[in-house]
Amino acid sequence: METGGQRRGWWVLQCFSLLLCFGRQVSAQIRYSVPEEVKVGFVVGNCAKDLGLDVGTLVDRRFRIVSGSNDALFRVNQNNGILHVDKHIDREEVCDGNSACLINLKIVVENPLELHYVEVEITDVNDHSPSFHDKDFYIEVAENTVTGTRFELQTARDLDVGVNSIRHYQLSKNAHFDLEIKDSVYGDKTPFLILQKPLDRETMEIHRLLLTAVDGGNPPKSGTLNITVLVLDVNDNRPICSSDTLTITLRENSVIDTVVTIINASDADSGLNGEVEYTYGRNMKPKVLEIFKLDMATGEIRVKGLIDFEENEIYSLIIRASDKGIPPTNTDCQLIIKVEDVNDNHPEIQVTSLSNVVSEDAKTGTVISLISVSDKDSGINGKVVCRLSDNVPFELKPSVQDNMYSLVTKERLDRELVSEYNIKITATDLGNPSLSAYKTMLVQVSDVNDNIPEFSSNPLELYLTENNSPGASIFSVSASDKDIDGNAAITYNIIRGGGIQNDMASAININSETGVVHALKSFDFESVKKFQFHVLATDSGAPSLSSNVTVNVFILDQNDNVPVIFYPVSANGSAEGVEEIPRNVNAGHLVTKVRAYDADIGYNGWLLFSLQEVSEHSLFGLDRYTGQIRTLRSFTETDEAQHKLIILVKDNGNVSLSATATVIVKVVEPKEAFAASDVKNAVKDEEENNVTFYLILTLGSVSVLFVISIIVLIVMQCSKSTDYSSKYLQDTNYDGTLCHSIQYRSGDKRYMLVGPRMSIGSTIAPGSNRNTLVIPDRRRRESGEVRITE
């Protein structure tokens, strides 16, 4: 046996060469030699060192032997990489007498995944003695047997192999026989007894010989066979085979009772001495007797058992042809049956996988598993090709070693599209017809943070009634993330800092977990009618991803402003004035006009005038919409010279707010009124001219804004784009007496905030605090248009 150092050094060189070829998937192949019958714990070799692995990383990389039928004989230490004998080894039991006893081990390490092959040769020790099947062997020899005749003897069996197997035979000294050794078809040696000198039954009827079989062990062992030669009377013709050695081919899996061949032998003698019968030779293996059946009379051989090419490729049968003479003579005919292989074995698939989870950002070419295939058939029937199921982002890369593949990614993965794959591996041999095997692998795709949070729409709209309660929730935002687990956990924050809009955002707070928005203060429609803030949604991935959404806030008006009277106004600021009119004025004369303003809009800012108190109801009348005070009739002599009118100015809010104005009307004689009216009318004309100018300017501005709004709406309708900034337009300033309205759309309804006059057919929307009208619209537009009406 070679020394351990020499053999290990030679195999380390082989290992280094294989490392260069196999890369990271199959790194190396080494070979060790260990004698049988060694004690458990016997050190075979240091696999980690011979494979060039770092001993300190063996535990982390799960250095281990992949389980197999003979793997239990050995154990590898993960701490130092030493391969030990783990069970009692009987070479004859493990290898069934084969000349070369090799145990193939697969050793796997991970991170990265590597598969190494270790071949352990079990060497033989001389622990068995040669033995014969029988203790006594009898030969009948006719007295006229010619010299040189050979008689086959029993072959001794030795379970050891190589130098420890049978080396030679020895025959005890005698005068008539010599020994000849002939190699058999199985590679062992068959002893023959050769007649050197003619026999004489009358001189000696029985010859006793001793045959000794000796093996080549040190020290050698031996076994003996007692040979008894019986000398018979003359039957001087023996059967002759038509062919000493007949070779035929038999197809694997032949059906039972199939005729294999017919052995034909002839004998020149007559009668019983020439009548031939057939039997199996003495040294036939028991397995052959189970597979083939011989017809003793005809020499016909038929199939009796299973013909399996994978179990035995060739059979050697010794057919003995004997006559019925006394004594009978015989001859041996050799039949060699070669089995023709049939594709009757399916391929086998073995998967060695590090993990069934792969990250969705794994690079193309990432190794998932190592796959090995095998087929017990030979030739073309044992050639196997592998393929994967269709439409999977994986492929098989063949290795430098036959029937080894790497399962790798062939394209980028996306967990949000496919979270797991059932990969079907199909192995098909090239036989005709071909046979296939299948194996299914479940590969799960793990998530990475590659999707930003998304809002359902951007921007969002919030309609908030003014005078809201500080601290109450007013809105809720929600974003979704296609990732999972922590990568989809979203927190919300308001973007602050810089600009008027962000100053308003400081009055807004948001729950970072739920997205519920709270107002930190109460809003005033008259101060701010709309503003916007931005919400940032951030996931919890590493690194985190974020997106933001704009929230447009529209403040809705409430009736929280009292009408303000700006005419008449006295010197001390009270709503009180004095008007002088001639006594001779006719009915319908304009005495004065009460002017008022309400900062609210719609119904809340729509003012109505009424006489709360008047000294003479028949003299004065008040227009409830314009606030004009006119005479109802001419004055008479009996009418008093001074009259007091108290005018109530009230808005149309759900809870009305009001103010009062006092007008003192003095009736003077025409001459007195003329002088006073000249001055007063001059001032009044100037005021009227100023008011008229402002009214004309206001109406003109509103008209221009209306035309511009119509043009904007036409452009928006054509472009199909939504402009949230145009949904809500501020009205122009007015003095409380102008008719004004604002129309807007929300969802599938159209609303109008109105002034003093309502269009025919409009209705009050329920729950609108009576300041919003729903306008019947036979042409509903989806664009969210805004229209200002005067």
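## Nonpolar cores

The largest nonpolar core holds 28 residues, and Tyr-492, Phe-523 and Phe-533 touch the most other members. Seen by element, at least two core residues each come from β33 (460-465), β36 (490-495), α5 (499-505), β37 (508-510), β38 (516-519), β39 (530-539) and β40 (546-556). A second core is separate and has 27 residues. Among its members are Ile-30, Phe-74, Cys-95 and Val-118. In soluble globular proteins, nonpolar side chains tend to be buried together.

## Overall build

This is a predicted model. The chain has 790 residues, and 44% of them count as buried. Its secondary structure comes to six helices and 54 strands. Take the contacts with a separation of 6 or more: 66% of them link residues 24 or more positions apart.

## The largest pocket

The largest pocket has a volume of about 1,400 Å³. Its lining counts 45 residues. Nearest the centre of this pocket lie Arg-150, Glu-152, Phe-192, Arg-320 and Asp-332.

β8 gives the largest share, six residues. By class, the lining of the largest pocket divides into 14 nonpolar, 17 polar and 14 charged residues.

## Enclosed cavities

Two cavities of 30 Å³ or more are present in the structure.

Glu-110 sits in the loop between β6 (102-109) and β7 (114-123). Its relative accessible area is 4%, so Glu-110 counts as buried. Which side chains does the side chain of Glu-110 contact? One partner is Arg-62, through a polar contact of 3.3 Å between side chains. Another is Arg-64, whose side chain makes a polar contact of 3.1 Å with that of Glu-110.

Asn-164 belongs to the loop between β9 and β10 (166-171). Is Asn-164 buried or exposed? Asn-164 is buried, because its relative accessible area is 8% and the cut-off for buried is under 20%. Leaving out residues up to four places away in sequence, Asn-164 touches Asp-124, Val-125, Asn-126, Asp-158, Asp-215, Gly-216 and Gly-217.

Leu-520 lies in the loop between β38 and β39. With a relative accessible area of 45%, Leu-520 is partly exposed. Leaving out residues up to four places away in sequence, Leu-520 touches Pro-470, Gly-471, Ser-506, Ala-507, Ile-508 and Asn-509. Ser-506 is 14 residues from Leu-520 along the chain, and their C-alpha atoms are separated by 8.2 Å.

## Cis peptide bonds

The peptide bond from Asn-218 to Pro-219 is cis, with omega near 5°. Pro-219 is in the loop between β13 (206-215) and β14 (222-232).

The bond from Asn-432 to Pro-433 is cis as well, with omega near 0°. Here the proline, Pro-433, falls in the loop between β30 (420-429) and β31 (436-446).

Asn-253 is not a glycine, yet its phi is positive, about 65°. Asn-253 is located in the loop between β16 (245-251) and β17 (259-262). Its relative accessibility is 33%, so Asn-253 counts as partly exposed.

Asp-485 also has a positive phi, near 55°. Its place is the loop between β35 (479-480) and β36. Is Asp-485 buried or exposed? At 65% relative accessibility, Asp-485 counts as exposed.

Definitions and conventions. Residues numbered from 1 in each chain as written. Predicted model: local features only at pLDDT ≥ 70, side-chain atom pairs only at ≥ 80, totals over all residues. Heavy atoms only, no water. Core = buried A, V, L, I, M, F, W, Y, C linked by side-chain atoms within 4.5 Å. Buried < 20%, exposed > 50% of the residue type's maximum accessible area, 1.4 Å probe, protein only. Helix = DSSP H or I, 4+ residues; strand = E, 2+ residues; numbered from the N terminus. 1 Å grid on protein atoms, 1.4 Å probe; cavity = no way out; pocket = protein on both sides within 12 Å on 5 of 7 lines; lining within 4 Å. Points joined across faces, edges and corners; volume = space filled by probe spheres on them. Polar contact = N/O pair within 3.5 Å; in protein donor to acceptor, adjacent residues only side chain to side chain. Contact = heavy atoms within 4.5 Å. Nonpolar A, V, L, I, M, F, W, Y, C, P; charged D, E, K, R; others polar.
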